[in-house]
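Here are a few exercises to work through with the model open beside you. Try each task before you read its solution.

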Amino acid sequence: MGNLNSQEIYNRVSLFFDNALEETERNELLTQVDSDPKCSKIFKKEQNYRNFIKSNIKRPPVSTDLINSIKTSINIT
């Protein structure tokens with residue numbers, strides 16, 4: 001990964017948490033997180049942010065009628 005600036009690191013970290021990196025890229029990022037304090041800080045900040053969102057933002061329930069309507073519109077029974 002070499003010397004990446006903060007924006008490049010953030011982009012890689014974001015792709016990591018979106019499961020959009022290849023296995024080798026994931027491993028390279030995790031290695032950099034372990035060895036680079038700047039990268040580690042960005043990684044932990046993003047991880048904490050995503051955990052906060054998952055824990056504190058509640059999705060409204062979806063009605064059965066909506067589910068059935070979607071299934072009907074795409075022809076799934």
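Two residues are in contact if they have heavy atoms within 4.5 Å of each other. Before you start, note that this is a predicted model, where local features need pLDDT of at least 70 and side-chain atom pairs count only at pLDDT 80 or more, while totals for chains, interfaces and linings use all residues. Residues are numbered from 1 along each chain as its sequence is written, and side-chain values use heavy atoms, leaving out hydrogens and water.

**Exercise 1. Find what Arg50 touches, leaving out residues up to four places away in sequence.**

Step one: locate Arg50, which is found in helix 3. Helices are DSSP runs of H or I with at least four residues, strands are runs of E with at least two, and both are numbered from the N terminus.
Step two: list the partners, which are Ser14, Phe17 and Asp18.
Arg50 and Ile70 are 20 residues apart in sequence, and their C-alpha atoms are 28 Å apart in space.

**Exercise 2. Describe the overall build of the protein chain: which elements does it have, and in what order?**

Step one: count the elements. You get four helices and zero strands.
Step two: read from the N terminus, and the order is α-α-α-α.
Step three: check the dimensions. Along the principal axes, the C-alpha atoms fill a box of roughly 50 × 25 × 15 Å.
Step four: look at the radius of gyration, taken over C-alpha atoms. The protein chain has 18 Å, whereas a compact globule of 77 residues would have a value near 11 Å. That globule rule is 2.2 Å times the number of residues to the power 0.38.
Step five: turn to the contacts with a separation of 6 or more. Residues 24 or more positions apart account for 57% of them.

**Exercise 3. Work out how the rings of Phe17 and Phe43 are arranged.**

Step one: get the rule. Rings of Phe, Tyr and Trp (its six-membered ring) pair if their centres lie within 6.5 Å; planes under 30 degrees apart are stacked, over 60 edge-to-face, and the rest tilted.
Step two: count the aromatic pairs, which come to three.
Step three: apply the rule. The centres of the Phe17 and Phe43 rings are 5.0 Å apart and their planes sit at 35 degrees, so this pair is tilted.
Phe17 is in helix 1 (residues 6-17) and Phe43 in helix 3 (residues 37-56), so the pair links distant parts of the chain, 26 residues apart.
Step five: widen the view. Ring pairs join Phe16, Phe17 and Phe43 into a cluster.

**Exercise 4. Sort Phe17, Phe43, Ser40, Ile53 and Asn19: which are buried, exposed or partly exposed?**

Step one: set the cut-offs. Buried means under 20% relative accessible area, exposed over 50%, and partly exposed in between (1.4 Å probe, protein chains only).
Step two: pick out the buried ones. Phe43 has 9% relative accessibility and Ser40 has 13%, so Ser40 counts as buried, and Phe43 counts as buried too.
Step three: take the middle class. Phe17 at 22% is partly exposed, and Ile53 at 32% is partly exposed as well.
Step four: finish with Asn19, which is exposed at 62%. Asn19 lies in the loop between helix 1 and helix 2 (23-35), and has a positive phi of about 55 degrees although it is not a glycine.
Step five: zoom out. Buried residues make up 19% of the 77 residues in the protein chain.
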